[in-house]
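Q: Please examine closely the contact between the two chains of this model. I would like a connected account of its extent, its composition and the specific pairings found there.

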Amino acid sequence: MTPLSPGRDAFLRAPFRNRFLLALLVIDAAAAGVILAVLYFMLSRPLAGDYGAVFHALRHQTAYFLPSVAYAGLVYVVLAGMAVAVLCVFRLHRIAGPLYRMERVLENFLAGEAVRPAFFRRGDQLRALAASFNAFVARIREDRQRWLGRMEHAERLCFQDRETCRAEMDKALAELEVLLSRYR
Amino acid sequence: MNDLGQKKWRKIVFIYPRLQGGAVLAFAAVVVAAGSYFTWHIDRDVRQALWDVSLTAHYHFRSAYDVVGAAVVRHVGALLAGTALAGAALLLLGALRVRLATRRIVEAFRRMEDGDLSTPAGVTGPGEFASVGRQVDEVRARTQEIVGEVRAEVDRLRKQPLADEEFLGRWTALKEKIGRLAP
């Protein structure tokens with residue numbers, strides 16, 4: 001078995017992962033910017049009046065700060081949560097697509113229908129899945145052709161006498177047994 | 001339509017609720033946890049600061065923001081850093097799980113390619129990966145079954161003394177069995 005080398009077999013490509021991370025950071029920064037703006041708007045109203053008025057305004061803000069900051073937190077959660085949900089759906093379809101493709105190809109194989117090679121779209125991840133499946137099918141087909149080729153070769157000699165035909169067929173079966181021994 | 005008058009294909013966005021939904025829930029949990037922690041902490045600190053400043057003799061500020069602005073910026077910065085770190089950790093963990101699950105499927109195909117049809121894929125992973133792993137095992141079992149039938153038939157044909165007619169009938173049946181392998 002050929003060892004898997006990460007350079008050659010792409011599972012999740014670094015640019016895909018980095019772009020996802022960058023998008024997460026942008027969403028995070030934007031949501032943090034919104035919460036900062038909301039808090040600035042709430043807290044930056046001028047405190048006008050004499051000492052008593054400012055004192056009461058400060059105490060009032062102390063009492064009502066929790067609902068205000070909870071509202072700002074809710075805005076943050078909703079905005080960031082929705083943006084992250086959209087990001088996950090639209091970026092991770094590069095993983096969901098290949099999985100869907102593999103499921104259809106494997107269903108096709110199990111149904112006994114003509115097996116077609118698995119191909120992914122440009123930009124899809126997990127390309128090693130398609131490559132390994134295609135290599136497996138190619139090897140199976142190669143073996144099948146070799147087995148059938150050996151049997152057909154024996155059949156061609158059946159145009160000669162009966163003994164030669166049977167002897168060639170027995171020889172083909174013996175070779176087939178050897179060829180089959182690689183499967184365990 | 002593009003410049004050449006060819007119809008453009010619509011980009012298909014595949015949605016697997018177990019894959020994307022799981023990721024959405026995990027990231028949303030980080031956002032909710034960070035938002036709640038932020039709300040609790042900033043409320044405690046800002047209220048205390050406003051209470052303390054209200055007790056001073058002279059007010060040298062125009063708004064409450066002048067008093068708690070630095071604390072607010074510090075808390076928002078902590079929220080940003082915390083969420084970014086937790087998000088990055090979650091992303092790396094998810095990428096690791098995807099990579100491990102994919103590697104197991106790829107290794108299973110390579111084992112099968114090398115003739116090992118008896119080792120199960122043993123894929124565990126996020127969402128649909130386990131489902132694909134089960135299908136890979138079914139493909140392995142199916143291939144093993146056909147190869148087993150072919151091997152048994154070859155053995156019978158070699159060892160049993162059969163009349164020519166029966167031998168030829170079984171010979172043809174053997175070819176059909178071989179033909180069922182990855183048609």
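A: In this predicted model, the area buried between chain A and chain B is about 9,000 Å². Carbon and sulfur atoms give 73% of that area. Chain A puts 98 residues into the contact, and chain B puts in 94 residues.

Polar interactions form part of the picture. Between chain A and chain B there are 22 residue pairs in polar contact, with both residues at pLDDT 80 or more. The contributions on the side of chain A that touches chain B can be traced to particular elements: those giving two or more residues are helix 1 (14–43), helix 2 (51–91), helix 3 (93–110), helix 4 (127–156) and helix 5 (162–180) of chain A. Of these, helix 2 of chain A supplies the largest share, 21 residues. Sorted by class, the side of chain A that touches chain B comprises 65 nonpolar, 11 polar and 22 charged residues.

Charged pairings come next. A salt bridge within chain A joins A:Asp143 to A:Arg146, with the closest N and O atoms 3.4 Å apart. Both A:Asp143 and A:Arg146 belong to helix 4 of chain A, where they are three residues apart, about one turn of the helix.

Aromatic rings also pair in this model. Over all chains, the structure holds eight aromatic pairs. One of them is formed by A:Phe133 and B:Phe109 in an edge-to-face arrangement, at 5.4 Å centre to centre and with 70 degrees between the planes. This pair joins two chains, because A:Phe133 lies in helix 4 of chain A and B:Phe109 in helix 2 (residues 64–113) of chain B.

Chain A has an average pLDDT of 86, and 95% of its residues score at least 70. Among the elements of chain A, the mean pLDDT is highest for helix 1, at 92, and lowest for helix 5, at 86. Residues 1–6 of chain A stay under 50 in pLDDT, and for this stretch the model has 15 contacts beyond four places in sequence. Where pLDDT is low, predicted coordinates should not be read in detail.

Methods. Residues are numbered from 1 along each chain as its sequence is written. Chains are lettered from A and ligands numbered from 1 in the order in which they are written. This is a predicted model: local features need pLDDT of at least 70, side-chain atom pairs count only at pLDDT 80 or more; totals for chains, interfaces and linings use all residues. Side-chain values use heavy atoms; hydrogens and water are left out. Contact means heavy atoms within 4.5 Å. Buried area is the accessible area (1.4 Å probe) that two parts lose on being put together, summed over both. A polar contact is a pair of N or O atoms within 3.5 Å; within protein, one must be able to donate a hydrogen and the other to accept it, and residues adjacent in sequence count only if both atoms are side-chain atoms. Helices (H or I, at least four residues) and strands (E, at least two) are DSSP runs, numbered from the N terminus. Ala, Val, Leu, Ile, Met, Phe, Trp, Tyr, Cys and Pro count as nonpolar, Asp, Glu, Lys and Arg as charged, and the others, Gly among them, as polar. pLDDT is the predictor's confidence in each residue, from 0 to 100. Rings of Phe, Tyr and Trp (its six-membered ring) pair if their centres lie within 6.5 Å; planes under 30 degrees apart count as stacked, over 60 as edge-to-face and the rest as tilted. A salt bridge is a side-chain nitrogen of Lys or Arg within 4 Å of a carboxyl oxygen of Asp or Glu.
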